[in-house]
Amino acid sequence: MNNPIQLTEAARLEIRSTLEANKIPDTYGLRVGLRGGACSGSFLLGFDTATEHDQTYLIEGIKVFIDKRHLMYVIGVSVDFEEGVNGSGYTVSAAEKVK
């Protein structure tokens, strides 16, 4: 399978910066998944190590872990990092909405 998610350039830069600044070990990667139920759940992003339930992807040099049970719900999403007057943070959206 090709990469199931997209990481924008801004997200990749912020992920790399966070990993380096916090001296996070190479065994960690970006976890993408769901919190709660599939229909009423929210996206989960964080740094974690792989488990036996994960699919591991290398996206532009960044390790991404997705639990096999969550994979069908995250296929096609795009992770971005935005900075604005009210703060900054990651956003997750359907790929077709990303320009």
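**View 1. The hairpin of β4 and β5 in a predicted model.** Two residues lie between the strands of this hairpin, and glutamate 60 takes a positive phi near 50 degrees. β4 and β5 run antiparallel and are joined by six bridges. Leucine 58 has lysine 63 of β5 standing opposite. Strands here are DSSP runs of E of at least two residues, helices are runs of H or I of at least four residues, and both are numbered from the N terminus. Two strands pair if DSSP finds at least two bridges between them. Residues are numbered from 1 along each chain as its sequence is written. Because the model is predicted, local features need pLDDT of at least 70 and side-chain atom pairs count only at pLDDT 80 or more, while totals for chains, interfaces and linings use all residues; side-chain values use heavy atoms, with hydrogens and water left out.

**View 2. The open sheet of four strands.** The strand order is β3-β2-β5-β4, with mixed pairing. β3 (42–49) and β4 are the edge strands, each pairing on one side only. From one strand to the next, the twist averages 30 degrees (axes are lines fitted to C-alpha atoms, and angles run from 0 to 180 degrees between N-to-C directions).

**View 3. The pairing of β2 and β3.** Eight bridges join these two strands in the antiparallel sense. Glycine 29 has aspartate 48 in β3 as its bridge partner.

**View 4. The largest nonpolar core.** A nonpolar core is a set of buried Ala, Val, Leu, Ile, Met, Phe, Trp, Tyr and Cys residues joined through side-chain atoms within 4.5 Å. Buried means under 20% relative accessible area, exposed over 50%, and partly exposed in between, with a 1.4 Å probe and protein chains only. This core has 15 residues, and those with the most contacts inside it are Ile5, Leu7, Val32, Val64, Ile66 and Val74. At least two core residues come from each of α1 (9–21), β2 (28–35), β4 (54–59), β5 (62–67), α2 (71–74) and β6 (77–84). β5 gives the largest share, three residues. In soluble globular proteins, nonpolar side chains tend to be buried together.

**View 5. The surroundings of valine 74.** Leaving aside residues up to four places away in sequence, valine 74 touches Pro4, Ile5, Val32, Gly33, Phe43 and Ile66 (contact means heavy atoms within 4.5 Å).

View 6. Of its 99 residues, 29% count as buried.
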